[in-house]
Amino acid sequence: MERIEVKKGNLAIDRIEERCINCGMCAKTCKENNDIGKECINCGQCILTCPMGALVPRFNYKTILNYLYDTNYEVMVITSPAVRVAIGDAFGYKKGEFLEDKMVSALRQLGFSKVFDTTFGADLTVMEEAKELVSRLEKKENLPLMTSCCPSWVTYEKLFHPNDLNHISSCKSPIGMIGAMVKSYYAEYEQINKNNIILVALTPCVSKKDEIFHNEDVDFCITTMELVMMIKEANIDFKALESSNFDELLGKGSGAGLIFGTSGGVTEAVLRTSYYLINGKNAPQEFYNLTKVRNNENFKEAIIDLEKYKLKVAIVNKISTLKDYYEKLKDYDFVEVMTCPSGCVGGAGQGLVPINEMAEYLKERQTALYEDDAKNTLKNSYENKEIKEAYETYINKGKVKLHNKETVVN
Ligand code: SF4
Ligand code: SF4
């Protein structure tokens, strides 16, 4: 049977040859999810359907264990929103259980000196992307603005539509944002030499392993699956862990930042802040539950009233959807694309679950993120005190670069 090729030098995906039975499932999955022929965009969805566990994320956690024992370095970690609603699968929790406090606690037990929240980085992406959207709307240029936080989508665009890269947001992804802040703002604040910091991104995503290779601030990327392996190898009793909170300065994220973990979440988050930037007041209540962007259709669209603008937004949920809709995207003002089904909650680094229950797992993970946003009193990125402080004391002084030079993820 035809199987996908894992090229030598692929930084995201690995194949354990002796496990492979040539069943062809990976090629079938790649066709269904991506439908882009022979090019690998590193999403790793094939990992989730390989019946033999022959396809795996390229594991980096053993190297990190070495750094954790090296007293010359401070090893810090940043954690993406979707990990906290999937890690419980490996420890007998119900689907989608929200386990942020235990995840932080486990990371501390493993020896990470600081645990920061990539949701803070997502808030920075929201702030900068909303500014970019408003500016493009005013100038009527490079519309639609297309999101930049999914590296597999950016790779797709570079491969198949290089002439459209001017549409992709120049903003760094959430891990790019917080990575830059750890190695500058935090290092200066704590007076640590940034060369002595090893920064690890904990993500649901195998494609981020490729993204960080082009990023000078984030040193390693591990997946949810790898964190589970680290916890089990260290004999940590996950269920018995006490709660623990993120470290301050880069540890606070809004509900808007948290819902980045699901398809439609980036759009909703950016619209809340765009409304504020345009009108100088909080958005009306419906911006906090945009039902048209919250369903699990492959293509979602809505017209959003920003008062000065009636914004046409489109959300592509799963990259194979682009095949039928790409030309239509030019009719919109804002486009979100997430490669994995349901967005990052469905990332290939989340760990294996029974395929026939996958849809249910994804739904519960999404619900958990939305529920946390609903009960969070902090729902807007621009109201996050740590974000405000970072702008006042550091970002507004031009001390850190939050945008990519070109429209590429780095
Ligand atoms: S799905 Fe797994 S076992 Fe089947 S061909 Fe692909 S790598 Fe081999
Ligand atoms: S949707 Fe999320 S998990 Fe999937 S490739 Fe994109 S960034 Fe990674």
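A residue counts as near a molecule or strand if its C-beta atom, placed from the backbone, lies within 6 Å of it. By that rule, the residues around ligand 2 are Cys43, Cys150, Ser152, Pro204, Cys205, Ser207, Met338, Thr339, Cys340, Gly343, Cys344 and Gly347. This shell holds 7 nonpolar residues, 5 polar ones and no charged ones. Here Ala, Val, Leu, Ile, Met, Phe, Trp, Tyr, Cys and Pro count as nonpolar, Asp, Glu, Lys and Arg as charged, and the others, Gly among them, as polar.

The model is predicted: local features need pLDDT of at least 70, side-chain atom pairs count only at pLDDT 80 or more, and totals for chains, interfaces and linings use all residues. Residues are numbered from 1 along each chain as its sequence is written, while chains are lettered from A and ligands numbered from 1 in the order in which they are written.

Ligand 1 has 13 residues around it. Arg3, Cys20, Cys23, Cys26 and Cys50 come nearest. Its shell divides into 9 nonpolar, 2 polar and 2 charged residues.

Now the whole protein. It has 15 helices and 10 strands. These are DSSP runs numbered from the N terminus: helices are H or I with at least four residues, strands are E with at least two. The C-alpha trace spans about 60 × 55 × 40 Å along its principal axes. For 410 residues, a compact globule would have a radius of gyration near 22 Å, and the 20 Å of the protein agrees with this. That radius is taken over C-alpha atoms, and the globule rule is 2.2 Å times the number of residues to the power 0.38.

Buried residues make up 51% of the 410. Buried means that 20 or more other C-beta atoms, placed from the backbone, lie within 10 Å of the residue's own; exposed means 12 or fewer, and partly exposed is in between. Of the contacts with a separation of 6 or more, 73% join residues 24 or more positions apart. A contact needs C-beta atoms, placed from the backbone, within 7 Å.

Four strands form an open, mixed sheet in the order 5-10-9-8. Strand 5 (145-146) and strand 8 (299-305) are the edges, each pairing on one side only. Two strands pair if DSSP finds at least two bridges between them. Strands of a sheet pair through backbone hydrogen bonds, either parallel or antiparallel. Strand 9 (residues 310-317) and strand 10 (residues 334-338) run parallel, joined by 5 bridges. Val313 has Phe334 in strand 10 as its bridge partner. Strands 8 and 9 run antiparallel, with 7 bridges. Phe299 stands opposite Val316 in strand 9. Strands 8 and 9 also form a hairpin with 4 residues between them. In that turn, Glu307 has a positive phi of about 70°.

Helix 11 lies across strands 8, 9 and 10, at about 145° to strand 10. Such angles run from 0 to 180 degrees between N-to-C directions, with axes fitted to C-alpha atoms, for helices over the stretch in contact. Ala269 is found in helix 11 (residues 265-279). Ala269 is buried because it has 30 C-beta neighbours inside 10 Å. Beyond its neighbours within four places in sequence, Ala269 contacts Val126, Ala256, Gly257, Ile259, Phe260 and Ser381. Ser381 is 112 residues away in sequence, yet 7.8 Å from Ala269, C-alpha to C-alpha.

Leu11 sits in the segment before strand 1 (13-15). With 18 other C-beta atoms within 10 Å, Leu11 is partly exposed. Neighbours within four places aside, Leu11 contacts Arg58, Lys209, Asp210 and Phe213.

Note on methods
Two residues are in contact if their C-beta atoms, placed from the backbone, lie within 7 Å.
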